[in-house]
Amino acid sequence: MSTQHSRSAARLMISPSVILLLAWMIIPLSLTLYFSFLRYNLLMPGANPFVGFENYTYFLTDPAFFSALTNTLVLVGGVLIITIVGGVLLALLLDQPMWGQGIVRILVIAPFFVMPTVSALVWKNMFMNPVNGLFAYMAKFLGLQPFDFLAHAPLASIILIVSWQWLPFATLILLTAMQSLDSERMEAAEMDGAGPLARFFYMVVPHLSRAITVVILIQTIFLLSVFAEILVTTNGGPGTSSTNLTYLVYAQSLLNFDVGGGSAGGVVAIILANIVAIFLMRMIGKNLDA
Amino acid sequence: MARAVTTNRKITMTVIAWSIGFLIFFPILWTVLTSFKSEAEAIASPPSFVFFDWTIENYGIVMERSNYFRFFMNSVVISVGSTLIGLIIAVPAAWSMAFVPGKGTKNILMWMLSTKMLPPVGVLIPIYLIFKNVGLLDTRTGLVIVLTLINLPIIIWMLYTYFKEIPVDILEAARMDGASLRNEIIYVLTPMAVPGIASTMLLNIILAWNEAFWTLNLTAANAAPLTAFIASYSSPEGLFYAKLSAASTMAIAPILIMGWFSQKQLVRGLTFGAVK
């Protein structure tokens with residue numbers, strides 16, 4: 001069906017998408033790269049001299065960068081561990097015969113549809129607030145001292161909030177994968193005397209490995225860019241204790257008006273995201289052949 | 001051959017699953033409940049779950065005081081607008097890649113996906129400065145443009161995986177029966193493509209509605225959607241729990257309902273077909 005004629009028509013149909021995405025990639029990226037070599041601050045108008053790698057040296061040697069990098073890794077790693085372990089357990093549970101499975105599923109996936117600013121503020125005020133929050137009430141009820149989550153454990157609190165948002169995603173994908181597991185093979189293994197743990201580690205986990213990889217990669221892409229949750233809960237603080245890379249670049253550029261420094265940070269963020277992206281693309285690319 | 005499941009086991013699983021489901025859903029439930037309380041009851045100790053004086057005054061106050069309708073309309077225009085424009089651009093592209101695949105099709109698809117991996121913060125400054133210079137900062141148009149572009153790869157990919165499943169044989173059969181290209185598109189292809197387009201649209205509206213990087217950074221007073229409206233409650237105003245809850249409930253209700261309808265497409269759309 002692919003004649004010469006339909007081929008050129010096809011090219012014509014793809015070109016708007018390709019041109020738009022190309023422009024969206026190339027124009028801002030080259031500007032970011034260009035700005036990152038300039039001394040360019042919006043508060044100091046005038047010439048923006050070329051300064052070579054000065055912005056990079058400044059950004060990479062800033063103690064805030066190191067702590068932001070650590071925080072980014074802890075945030076991404078923490079959320080990944082919680083959502084994948086939780087997701088596997090939840091998917092196993094939801095795969096069991098029960099009454100009202102559809103309703104439970106709806107309850108479990110609901111947090112994914114809550115906008116980030118809402119979930120962050122609801123957790124911050126109504127649960128984690130040390131005076132009126134529900135956690136404070138529970139602590140008092142148990143005779144404990146209320147704990148000021150966002151002041152004393154800001155990063156852990158944000159990890160909790162973000163995990164709540166992403167647990168549904170992991171669960172849903174792992175459940176979808178689990179439902180394609182051949183139940184006859186499972187039963188055969190059981191008849192042969194494989195216990196529940198053996199079946200889990202030798203049959204379920206290998207079957208899920210592909211879905212787990214997809215969850216890790218996709219969540220990482222999104223988690224590297226966590227922003228709104230930090231903005232409305234801690235503003236990156238106290239100090240820089242809950243500042244991730246995205247938030248640091250935002251603060252550098254839109255709060256300090258340092259276009260040059262912010263751009264250098266942006267380039268660093270792009271490089272880090274690309275390392276993850278390469279792995280993800282390989283996975284999906286392989287699937288495209290199959 | 002499924003074995004008979006013992007009733008005991010089924011009861012246990014039901015109880016555990018419902019409890020955990022309830023626990024995960026609880027923050028949302030609590031928000032909705034609190035939105036119907038008075039401010040005093042919202043911070044009462046011990047907290048009351050159902051036995052309080054139900055009131056809808058918070059909804060009235062939030063709508064009146066903050067011009068809620070305007071934020072809501074901004075959210076609708078931005079999410080629906082960017083989705084529709086995205087579909088108009090994406091349908092032909094996905095269509096031709098699914099039905100007239102060439103040598104480069106796979107590479108184009110992968111490259112499109114790679115643009116999605118660009119961290120937004122890496123291009124924040126240029127976009128901000130360009131928008132400032134051309135007067136697109138804090139406008140609905142500006143946000144529609146950005147959200148269309150960031151979601152375009154997802155739209156194309158989702159459509160592609162759906163179109164790919166339409167059997168080409170049917171087209172040939174229709175052609176053998178003497179259908180013209182026009183009739184082929186109207187009577188054979190469109191009915192089969194509509195469900196995929198509809199699911200893509202639904203998921204994309206959800207993603208755009210909840211997008212909270214660009215909507216927070218590129219808007220101020222005029223074009224701010226609900227994400228930014230809620231973010232304004234991070235000031236001490238957020239300590240008015242009942243009003244925060246009413247505002248939050250109104251911001252998430254429409255999308256929560258749409259989300260429940262699209263849960264199957266979610267897996268497919270967000271994993272780019274890697275998990276089905």
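**Contact and cavities**

Modeller: This is a predicted model. Between chain A and chain B, 12 residue pairs are in polar contact, both residues at pLDDT 80 or more.

Biologist: Which helix of chain A gives the most to the side that touches chain B?

Modeller: The contact takes 97 residues from chain A and 111 residues from chain B. On the chain A side, 19 residues come from one helix, spanning residues 4-35. That helix is α1.

Biologist: How many residues of that side of chain A are nonpolar?

Modeller: Start with the area. Chain A and chain B bury about 9,200 Å² between them, and 79% of it is on carbon and sulfur atoms. By class, the chain A side has 8 charged and 20 polar residues, and its nonpolar residues number 69.

Biologist: How many salt bridges cross the interface of chain A and chain B?

Modeller: Over all chains, the structure holds 3 salt bridges. Across the interface of chain A and chain B, the count is 0.

Biologist: Which residue does the side chain of A:Arg39 meet in a salt bridge?

Modeller: A:Arg39 sits in the loop between α1 and α2 of chain A, and its partner is in helix α2, so the pair ties together parts 15 residues apart in sequence. The N to O distance is 3.0 Å. The partner is A:Glu54.

Biologist: Now the voids. Which element supplies the largest share of the lining of the largest cavity?

Modeller: The count is 5 cavities of 30 Å³ or more. The largest has a volume of about 810 Å³. Of its 38 lining residues, the closest to the centre are A:Trp166, A:Phe222, B:Asn210, B:Glu211 and B:Ala212. The largest share, 5 residues, comes from α7(B).

Biologist: How many charged residues are in that lining of the largest cavity?

Modeller: Helices from both chains supply the lining, including α8 and α10 of chain A and α5 and α9 of chain B. By class, 30 lining residues are nonpolar and 5 are polar. The charged ones number 3.

Biologist: Which element gives the most to the lining of the second largest pocket?

Modeller: That pocket holds about 480 Å³ of space. Among its 18 lining residues, A:Trp123, A:Phe135, B:Leu23, B:Phe26 and B:Pro27 are the closest to the centre. The top contributor, with 5 residues, is α1(B).

Conventions:
Residues numbered from 1 in each chain as written. Chains lettered and ligands numbered in written order. Predicted model: local features only at pLDDT ≥ 70, side-chain atom pairs only at ≥ 80, totals over all residues. Heavy atoms only, no water. 1 Å grid on protein atoms, 1.4 Å probe; cavity = no way out; pocket = protein on both sides within 12 Å on 5 of 7 lines; lining within 4 Å. Points joined across faces, edges and corners; volume = space filled by probe spheres on them. Helix = DSSP H or I, 4+ residues; strand = E, 2+ residues; numbered from the N terminus. Nonpolar A, V, L, I, M, F, W, Y, C, P; charged D, E, K, R; others polar. Contact = heavy atoms within 4.5 Å. Buried area = accessible area lost by both parts, 1.4 Å probe. Salt bridge = Lys/Arg side-chain N within 4 Å of Asp/Glu carboxyl O. Polar contact = N/O pair within 3.5 Å; in protein donor to acceptor, adjacent residues only side chain to side chain.
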